[in-house]
Each structure stands twice: as C-alpha cells, then as structure tokens.
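Hi there,

Here is the structure I promised to pass on to you. Have a look at it first, and then read my notes below.

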Amino acid sequence: MSDNLARVLTTETLRPEFDERRADERRADERRHIEIVSPSTHTRPRVVYALSAVACVGAVIVAQLLLSVGISQGAYEISALRASQVELGRTADSVSEDLIRVSSPQNLAANAEALGMVSNSTPAYLRLSDGAVLGAPTSASGTQAGAADLVPNSLLTGVPLVTQLPAGGQGTSVASGAPAAGTATAAVRVADGLPSPTTR
Amino acid sequence: MSSKRRIAATVVVLVAIIGVFVVRLVDIQVVRADTLSADSLGNRSVERTVYGSRGEILDANGVVLAGTVMRYDVALSPKNASPFTRTVDGVETSIPLAQSVAEIAAVVGLPTEKVQALISESLADNPKSDYALVARQVGVDAFRALSALDIPWLTFQQNPGRVYPNGAVAGNLVGFVSSAGEAQAGLEVGQDSCLASSNGSETYERGADGVRLPESTVTTEPPVDGSDVITTIDSDLQFFVQQVLAEQAQKTGAAWGNVVVQEVKTGKLVAVADYPSVDPNDVSATTNPDDRGSRAFTASYEPGSTFKALTAASVLDAGVATPESEVVAPFRYLPANGANINDSSAHGDLRLTLTGVLIESSNTGTSQFGERLTDQQRYDYMTKFGVGTETESGFPGEDPGILHPADKWDNQTEYATMFGQGLTTTALQVSSIYQTIANGGVRMPVQLVSGCRAANGTLTDVPAAEGTQVVSAEAARDTADILEMVYQKAWLADTWEIPGYRAAAKTGTAQMPDGNGGYSKGYLVSVSGFAPADDPQYVVSVSLADPVNMNSSAASAPVFQEVMSQVLKKYRAVPSGAAAPDLPDTW
C-alpha cells in the first residue's frame, strides 16, 4: 500500500519538476529572443484602465446630472408651453366665439340694412336654354321683414354696425373684420356680360 | 484570545446595528409604507377636473345654435381681503383694499359699493368667511383682466357655460340650460341624453415651485364629450320667418303666433317660429314662462277651417264625393241628429261644388259632405293623418291634442269635427295634414332632429323616414287641386298671391276657448298651404292667436305670402309655368 503510494508520489512530484525545468529553459530561450520588456509597459495599462474607469464613472455622473438638469429644464419648458397652449386655446375660443356671434343672422341683417340693402321677395328665373322668364320679376320694395331687432340676441349688445365704425377703423374690436365688406363699394363688372339668349 | 473576543464583540455590535436598520426598514417599508407614501404624494400630487364639453346643437347646415364655452366663476375670500403688494414697473407697491375692490368691480361690471358690501356682509355673517361669489360665468377677457390684477385673495373656478350665438333664432326650439348647466327646456331637454357630457379627472405631481413633474400625469377618469344634435332647421330661414311673424303679430296685436315650414317630400321641419320667442342667452328677459317654450309643439287649439282640407281628402278617398260633387249650402243647416250648424256670415242658399264649399269655407256645405262618412270612418282618417297623437319630432312636452273617440262625440261634435272644432291640434299636426295632402297622400314622420352625431362622425338616433299612405294619390291630388282653387279664388286671393307661382292654401278662423269651458271673443286665425302647387315642395302653416287689431285670417295671410315667397326663393323652386287647374265652384 505504502509502496504504491510512494511510487505514485515520486512520479507525480518528479514530473512537474521535470516540466518546470524544461519550461524555465524555454522561457530563458524566449528572453534571449525578445530582449527588453520594460516594467513600465506592465504598469502603465493599469493606470490607464483605472483612469478611464474613473473617467467613465465621472462621465456617467456628469451625463446623469446633465440629463436630470435637462429633464427638469424640459419640465419647466413643458409647463410654460402648456400654459401658453392654454392661453392660446382661450384666445382661439374667444375669437371664434366672437366670429360666430357676428355671423348671426341678426347681425348680418342689421348690417345689410344699414348699408342700404333690401331683400326682394319675388323671385324670377331666366332659363338660359330658351330665354324664358319664369316667375314674375318685380323690383324690391324693401318693406319685407322690418327692423332686425324683432328677434333679439343679447350677445350682440354693444357690437357696432359697419356704418357706425370709425373710418378706417382696423382695431381689435369684435367687428373689426366688417369694414372690409363696407369699403367694397366699387361696382361689380362682368367681363363679357352675362350669357344671354339672342332676342329677336 | 483577546482578538477572538474582539471579533465576537464586533460581530455582536454589527448584528445589533444591522438589526436596528432592519427594524427601521421594515417599519418604513412595510408597516407605515402606505401612510408615508400617501403623505409624500399628498404634498406633491394635484387632482384636477378635466371638463367634458356638452354637445352642440346645430342647424341643418352646421350653424351652431347652441355651443359650450369655458367661463369662469370669480370668488373672493372676505377674511383675507386686505391690502397687498403688487409689483408695478418693477416697484413693489402696496395696493389698498378700496383700490382692489374698485378694480374688481370695474372688470365684472358691478358697482364698487356692491363688491364692498359683499365683503362686509360676508364678514358680518361669519368673520372667518373664506368664500363669496363675485360674478358667475365671466368671459375670457374679464378673466384675464382679473388675473392680471394679481390679487391674492381672488380665486377663479372654471365653469363651462352654454352660449347661443344666434340668440332668439330657434331659441324656442333649442331651449336653454340653467346656470348650473342643467337642461331646462326645448331640445336641450329632449336631446339631453345625446348632448350630455361627463367630467373626468387627472392627477399629476408637482414640484415645490408648482411645476408639473414630467411623466407624472395619471388620468384617473377620462372626460367624455357630449355628441352633437343635428336639427333639420335652417337658421337663416328660421330668422326670416321669426322676423316676419313678429312684425305681423305686433302689427295685429296678436297674443302669440307660430309658423311652421315643412319639407313636403321628407317631413323635415325647416323652420318652426314662435312669437314671442325667447333669447336663450337672456331667458329672464322673457317674463311669461309660456313664451319660453314652443307653442307650435306644446299648445293645441281648435284648428278651424284649415281642417276642412282633411274632411275633403277623406270623402274623396272614400269615393263618396268628387271635386265637382254638388250640394246646396244654406246659411243654417239642421241635420237629422239635432245639431245646429251655421256659416260665419249670413247668406242665401248657395249651389256649391265641393271645390266651392272650400273656397267659400262653408260649414253647412262641409257638413253635407262629411256626413256621407260614418263617424268612425272620419275618426280613422283623422288618426291616420296624425290627429290626436304627438308627432315623431321628439320635442319634449309635445301636446297630442284632443281627439275623443267617435262614440264619445255628441250630436254637435259629430258635425263640428268636420270643420275643425270639437277637437284640438297643434300647429305641427296641421302642417303634417297639409304635408300628407301635398305628398300624394303619403304622410312622412315629422322630423326636427336628423340625428345625434358622435365625435367620430357616426350618426345615431336617425329618425324613421318611412311614410304611410293615408289617402290615395288621386284623392290627395284632387284635394290639392281644390286647395289651389281656394288659393286662386278665396277672398284673400290678392293678399297671399305670390307672383309667378302656383300655390294651394286654406284659411282658418277658429274660436278660442276662454278657459272656462266656453269660447272667448278671440279667434285663432290661420293659413295653411303648400307650393309650388304643381310639384309641392314646402308646406307653410301660419297661426296667430287673438290678433285684436284684425280678427280674421287676413292677419295671417301676409305672413304666409312672405314666408312662402322666401322659401321658394331660398330653395330655388322654379315655377313651371304650367296652367293651374280650373274646377267649377258653383252649379
């Protein structure tokens, strides 16, 4: 038993010695081939790694900081934009409310009347194919549907008529869009005349 | 050995410290976790109402009749009402209480004393009073002006308001809502299930400076906007009709009146005008609550002679008469059953055809045609024409009118129902009778609302558009011809003439109940008709109640003429130029 063990041990212990010896010889040969390996090349990479690791950590911290600053900056920006969106939404609502109000029939009728327009209650049609007059044409009497205040609209209180606006008034008031219609007084001309049938 | 002891001591201390940490950790993370996180959230999180907007009511062309706008309720805290500092041009200035009160009063349009009194009265009531409403539902401009004042004890609460851009145009139909936003009348009530919205809420977290933290918004409940109601009304025509009606009603001193314009082929109501009419923006300006609704839907009255068209259509459809059928119409007619019928003015015996009976609007003549049908037959025709039941319009509180079963009619009622007394109809029902006659005997369901349009454009609640044949096409045609003869030859022919067009019309002058079971001296004068007679497109039905200055249908005829002219012009109904029928009225 002990014999066996001793034998095994000797072989086991001898072989590494033998291998080591041969390996040392091999290393000695290599040293002879590649001459100087300065210790600095061994140590410098470690410093670089350490520095770069530290730099990385630093960069991450800085990036995180910047990101966080950015996000909070964004939060303020979003908040400001949201506020201005709300404000603009209010303006849009209020302006479109004004627009709808001034396009109410009461306002249009009152303005048309103020500009001297009258409605003609007897329609007549000219059939272009044969020139036939359909209906009984008569001139407008202007007596139709009297004053425009018979159908009240309390929203129009204080809205001036086009004729009551100061000349050239382009203010920011509710009815500021109206003068454009009022100034278009030039007679409408039809270039080639209306298409009409030949009358004999 | 000493090192061993030192190690042991260190371990013990470490374990003790870790133990303390663990206990603390469990306490914070497990035991008090909910309370603590709720506390921290409470410091940061804000819950906010997100308003859903009530749907709009639109006319047939998309014109807004009722819309929702954001308004602001302005309140102040009386106990905190005191001078404060405001930065004016970079200088901190102290603003005395009197000045801020004056500034608030100027913006909301109240006398300064009133705002001052509001503060002092609230404080007298309760020295710790923290809330007093200054103004309800102010607009954006006023809200901005008030915010700019920077008064720390002035607060604002969003409160969506309802706006009716066209004022009283269709005001009686659209109805209105209370200041709390609850539907009160008209389509606002009738279509509330379509229009109603529900408010949602969202929670977000904010930093110490009030700025919302990114990505922290949690919508706990999304708001639901209401759907839009699309009516069949044409707001421009509605305006015109209301205008004409109001003018004539004021001229003739009528207590009230209404005009219905209905499309013949579809049964759609293009205009339903009432006088007086309510401006939904200013409901309190209309003092009589009855004037705040639409009598065209909710008031029934005895229609009078316009109803004779129904009797004529019935006898023609049953084949017991033709337009040329002859009767002798005396001033007074005493049927076998004991009734006593007379015409409105004394005359000798007239040899009239059915056409002539309608032209003269003879009650005695109509009675002699009506009695050719049994009571039950006439009752059945009436119900088929829609008398006695609400129309399909869906208007809230619509009056079905009174039509007693035929076996409940007494001797006089048996005859009176032939010429529109002894039963009641709404203006809508009369219009529907003429629509049926004009449309070849096919009665179309009366339509006021063409649907409920959701945000994604889908239209629901579209009303049925299937007509019912009430009388044969021939009977309807013959009745239309008779009514065209009435239009040409009746005593108002010059008043209601529309140059170039053929029309059909019939007047009515019905006694009005005095509220005590008898008749008052007032009359309900009406004209119903349609045009163009050769291809009917529109029914116009006019009623004026008790026009004291002109107590006959001559009061309503000009309204018919103006409205029908406008309708024909607006919808480009071109006159055909074909000759009008010429039926004999006497023999």
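**A helix pair in chain B**

Helix 9 of chain B and helix 18 of chain B run roughly antiparallel to each other, because their axes cross at roughly 165° and angles over 145 count as roughly antiparallel. Please keep in mind that this is a predicted model. Helix 9 of chain B covers residues 235–252 and helix 18 of chain B covers residues 557–570, and their axes come within 10 Å. The crossing of helix 9 of chain B past helix 18 of chain B is right-handed.

Which residues meet there? From helix 9 of chain B, the contact takes in B:Leu237, B:Phe240, B:Val241, B:Val244, B:Leu245 and B:Gln248. On the helix 18 side of chain B, their partners are B:Pro558, B:Val559, B:Glu562, B:Val563, B:Gln566, B:Val567 and B:Lys570. Sorted by class, this contact has nine nonpolar, two polar and two charged residues.

**Domains of chain B**

The domain assignment divides chain B into domain 1 (2–31), domain 2 (71–162) and domain 3 (235–283 + 290–570). The centres of domain 1 of chain B and domain 3 of chain B, taken over C-alpha atoms, are 99 Å apart.

**Transmembrane annotations**

An unreviewed UniProt entry places a "transmembrane region" at residues 7–26 of chain B. In the model, that stretch of chain B is 100% helix and 0% strand, with 28 Å between its end C-alpha atoms.

For chain A, UniProt (unreviewed entry) gives a "transmembrane region" at residues 47–67. Residues 47–67 of chain A are likewise 100% helix and 0% strand, and their end C-alpha atoms lie 29 Å apart.

Best wishes

Conventions
Residues are numbered from 1 along each chain as its sequence is written. Chains are lettered from A and ligands numbered from 1 in the order in which they are written. This is a predicted model: local features need pLDDT of at least 70, side-chain atom pairs count only at pLDDT 80 or more; totals for chains, interfaces and linings use all residues. Axes are lines fitted to C-alpha atoms, for helices over the stretch in contact, and angles run from 0 to 180 degrees between N-to-C directions. Helices (H or I, at least four residues) and strands (E, at least two) are DSSP runs, numbered from the N terminus. Angles under 35 degrees count as roughly parallel, over 145 as roughly antiparallel, 65 to 115 as roughly perpendicular and the rest as oblique. A crossing is left-handed if the near helix is turned anticlockwise from the far one by less than a right angle, and right-handed if clockwise. Two residues are in contact if their C-beta atoms, placed from the backbone, lie within 7 Å. Ala, Val, Leu, Ile, Met, Phe, Trp, Tyr, Cys and Pro count as nonpolar, Asp, Glu, Lys and Arg as charged, and the others, Gly among them, as polar. UniProt positions are given in the numbering used here, feature names are shortened, and annotations may be inferred rather than shown by experiment. Domain bounds come from an automatic or database domain assignment.
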